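The sequence and structure come first, and the description follows.

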Amino acid sequence: MSLMTKENDLSDVVEADRAHVWHHLTQHKPLEANDPKIIVEGKGMQIWDAAGREYLDAVSGGVWTVNVGYGRESIANAVRDQLVKLNYFAQSAGSIPGALFAEKLISKMPGMSRVYYVNSGTEANEKVFKIVRQIAHKRYGGKKHKILFRERDYHGSSITAVSAGGQPERNAQYGPFTPGFVEVPHCCEYRAQWDVENYGERAADAIEEVILREGADTVGAICLEPVTAGGGVLTPPEGYWQRVQEICRKYDILLHIDEVVCGVGRTGKWFGYQHYGIEPDFVTMAKGVASGYAAIACMVTNEKVFDMFKDDATDPLNHFRDISTFGGCTAGPVAALENMRIIEDEDLLSNTQAMGERLMGNLRALMDRHPVIGDVRGLGLFCGAELVKDRKTKEPVEEKHVQAVVADCGANGVVIGATNRSLPGFNNTLCLSPALIATGDDIDRITDAIDGALGRVFG
């Protein structure tokens, strides 16, 4: 942290924030008597707040975003140089960084071919939903318009995105929702819905049951996270994704993988779906694309989908009639290019795999010492620990106790996360997503903080 920042009196900033800023996911009544937290600086995996307190950030900016860590001057310099040259032109025309990042991104995604730039994960998912609906009208008389989504998954914050969201607490009070979105069961084996050996295949078969109930000729797509994030860090059982792919092909249903959290290295591969050998029709991404150094998100598709929108150039409606204003910003793709270069040059995918194994090993060791941990799960540097009152009954601990663990870790200099008012009664999972640059010492410090917090909160 710079000496200047340490010595500055930021009381005026704190008061300006208290008086005028509306924070995300925050009940503001307590801030009338308590200072809002203001983060003023970051370097590597460390952050500092306005009071001068230092923290190890184990959630990459709070929401799985800062994949390459803070203070990357090469990204900042690349953005600055590009903004001086050309900051923006609508994406109806191209740009140098837009073309070059699209080429680089597609090189990491065999089978995909086209990149559509937007400004957020929500918007990226909305573009897929619009494409699916337009295909339904172009080819199926509007009938094949339904989009399946999975309980516990999250796909964004707009009204239509929450219509495709399987987290009831996030959706509460925002209806009526966009019609045509249909929920399918999750594949969470820890809280099994079926007593079978091949749980992954059975969970996928439940999707087929919904398709047959709705009518396969009415279902156009299914939208799924490769690893469920805010719904509890849920990894899929063996056989699940392969069966999902089979079902989609059987019924001519487009497969949309939401990689907003998992994408660009978080799981130890470029994308989470690449662990499972599947071939999606759409992949959406946002958070890690530029590690938060610029706002950028992408909707990526294949040539099969793309060709549907240029088969009749004489029809004025036969193209994707959509625009994203800030999809024309050049800062995003130039930051994303440098972000990807860093991941490659520093071999951060391998580091993510190694540190992910260490983190899971440490969490399993904590599970041996703390009966309150009912399950640990994860992929790469994307891990969770579900807290329960009793391992046999799997009754969740109260959310206030989960938040007490988070608060205790913060008081001891480590920022961790937890499922946040998503699933009534089941906001009981600690969430960890340190930057891909994490070292063994960082991982140990994170789990040591959790160890102490569990002991103090639960005894």
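The buried residues of helix H12 are Ala 331, Gly 332, Pro 333, Val 334, Ala 335, Ala 336, Glu 338, Asn 339, Met 340, Ile 342 and Ile 343. Since 11 of the 15 residues of H12 are buried, the helix is largely enclosed by the rest of the structure of this predicted model. The cover over these buried residues includes helix H4, helix H5 (96-107), strand E4 (114-118) and helix H13 (348-369). The length of H12 agrees with expectation, because at 1.5 Å a residue its 15 residues should span 21 Å, and its end C-alpha atoms are 21 Å apart. Just after H12, Asp 347 adopts a positive phi of about 50°.

| Helix pair | Angle between axes | Axis separation | Handedness of crossing |
|---|---|---|---|
| H4 and H12 | about 150° | 9 Å | right-handed |
| H5 and H12 | roughly 35° | within 8 Å | left-handed |

For the pair formed by H4 (residues 73-85) and H12 (residues 331-345), the packing angle is about 150°, and the two helices are therefore roughly antiparallel to each other. On the H4 side, Ser 74, Ile 75, Ala 78, Val 79, Gln 82 and Leu 83 take part, and they meet Ala 331, Val 334, Ala 335, Glu 338, Asn 339, Arg 341 and Ile 342 of H12. Sorted by class, this contact of H4 with H12 comprises 8 nonpolar, 3 polar and 2 charged residues. An α-helix has 3.6 residues a turn, so residues three or four places apart point the same way.

In the pair formed by H5 and H12, the residues contributed by H5 are Pro 97, Gly 98, Leu 100, Phe 101, Lys 104 and Leu 105, which meet Pro 333, Val 334, Ala 336, Leu 337, Met 340 and Glu 344 in H12. By class, the contact of H5 with H12 consists of 9 nonpolar, 1 polar and 2 charged residues. Val 334 of H12 is listed both in the contact with H4 and in the contact with H5.

Helix H13, which is among the elements covering the buried residues of H12, also contains Gly 356. With a relative accessibility of 5%, Gly 356 counts as buried. Beyond its neighbours within four places in sequence, Gly 356 is in contact with Asn 351, Gly 380 and Leu 381. Gly 356 and Gly 378, although 22 residues apart in sequence, lie 8.0 Å apart in space, C-alpha to C-alpha.

Terms used
Residues numbered from 1 in each chain as written. Predicted model: local features only at pLDDT ≥ 70, side-chain atom pairs only at ≥ 80, totals over all residues. Heavy atoms only, no water. Axes fitted to C-alpha atoms, helices over the stretch in contact; angles between N-to-C directions. Helix = DSSP H or I, 4+ residues; strand = E, 2+ residues; numbered from the N terminus. Parallel < 35°, antiparallel > 145°, perpendicular 65-115°, else oblique. Left-handed = near helix turned anticlockwise from the far one by under 90°. Contact = heavy atoms within 4.5 Å. Nonpolar A, V, L, I, M, F, W, Y, C, P; charged D, E, K, R; others polar. Expected span 1.5 Å × (residues − 1). Buried < 20%, exposed > 50% of the residue type's maximum accessible area, 1.4 Å probe, protein only.
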